[in-house]
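Good morning, and thank you for the time. Please keep the sequence and the model in view while I speak.

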Amino acid sequence: RGIAFIPGKSNSGVFPLLFLRNQSNYGIGTYISIASDDSEAMALKEQAETASREVCVNQNVESVSLSRYRRRIWVQSCPLSEVRKPHRRFQLAAKAIACVRPHLDIIILPGGYKPIKEYWEFCRNAINLDKSQAIF
């Protein structure tokens, strides 16, 4: 379809955060649309939703997700039942900080919670992360 965002190669597109295929070979996923404006992002979103409803055919696809040169975007959240326990929401999100690779990956963290900010600063100094690698 030509809508894939390929880190380091494209300026816009759709990047899968999570993709699952069910037994009927239909795909379901969580995607992020990267675009220059809102209308382009919405068009990419609609194309991705349409494509995910199509039957997936087994194909040999080059795996790029585990390459040490590819940027990873770390996003963690907790089940709805745990949202009532604020410490669980922040605790789960903070676990991935230690997985962020210096000067490469990005992590999205919940803002407005001093302990997670302090833990981010500790990890940032301990494993040489850059301030721009966290989005609060």
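Predicted model: local features only at pLDDT ≥ 70, side-chain atom pairs only at ≥ 80, totals over all residues.

The side chains of Asp105 and Arg101 meet in a salt bridge, with 2.8 Å from N to O. By salt bridge I mean a side-chain nitrogen of Lys or Arg within 4 Å of a carboxyl oxygen of Asp or Glu. Side chains of opposite charge can pair when their charged atoms come close. Both Asp105 and Arg101 are buried. Buried stands for under 20% relative accessible area, exposed for over 50%, and partly exposed for what lies in between, with a 1.4 Å probe and protein chains only.

Residues are numbered from 1 along each chain as its sequence is written, and side-chain values use heavy atoms, with hydrogens and water left out.

Glu121 is partly exposed, with a relative accessible area of 25%, whereas Arg124 counts as buried because its relative accessibility is 15%.

Let me stay with Arg124. Which residues does Arg124 contact, leaving aside its neighbours within four places in sequence? They are Leu129, Asp130 and Lys131, where contact means heavy atoms within 4.5 Å.

That brings us to helix H3 as a whole. Helices (H or I, at least four residues) and strands (E, at least two) are DSSP runs, numbered from the N terminus. H3 covers residues 114–126, which is 13 residues, and at 1.5 Å a residue it should span 18 Å; its end C-alpha atoms are 18 Å apart, in agreement. The expected span is 1.5 Å times one less than the number of residues.

Which residues of H3 are buried? They are Ile116, Trp120, Cys123 and Arg124. These residues cover an arc of only 105 degrees around the axis, so they lie on the same side of H3; the arc is that of the directions from the helix axis to the C-beta atoms. On the other side of H3, the exposed residues are Lys114, Phe122, Asn125 and Ala126.

How many disulfides does a search of the whole structure find? The number is 0, a disulfide being a pair of cysteine sulfur atoms within 2.5 Å. Cys123 counts as buried, at 6% relative accessibility, while Cys99 is partly exposed, with a relative accessible area of 39%.

Next, the backbone. Asn128 is placed in the loop between H3 and strand S5 (134–135). His103 also has a positive phi of about 60 degrees and is not a glycine. Where is His103? His103 lies in the loop between helix H2 (86–95) and strand S4 (106–108). Is His103 buried or exposed? His103 is exposed, with a relative accessible area of 53%.

I close with the overall picture. The protein has 3 helices and 5 strands, and along the sequence they follow the pattern β-β-α-β-α-β-α-β. Of the 136 residues in the protein, 25% are buried. Among contacts between residues at least 6 apart in sequence, 47% join residues at least 24 apart. The protein exposes about 9800 Å², of which carbon and sulfur atoms supply 54%; accessible areas come from the Shrake-Rupley method with a 1.4 Å probe, and for residues only the protein chains shown count as cover.
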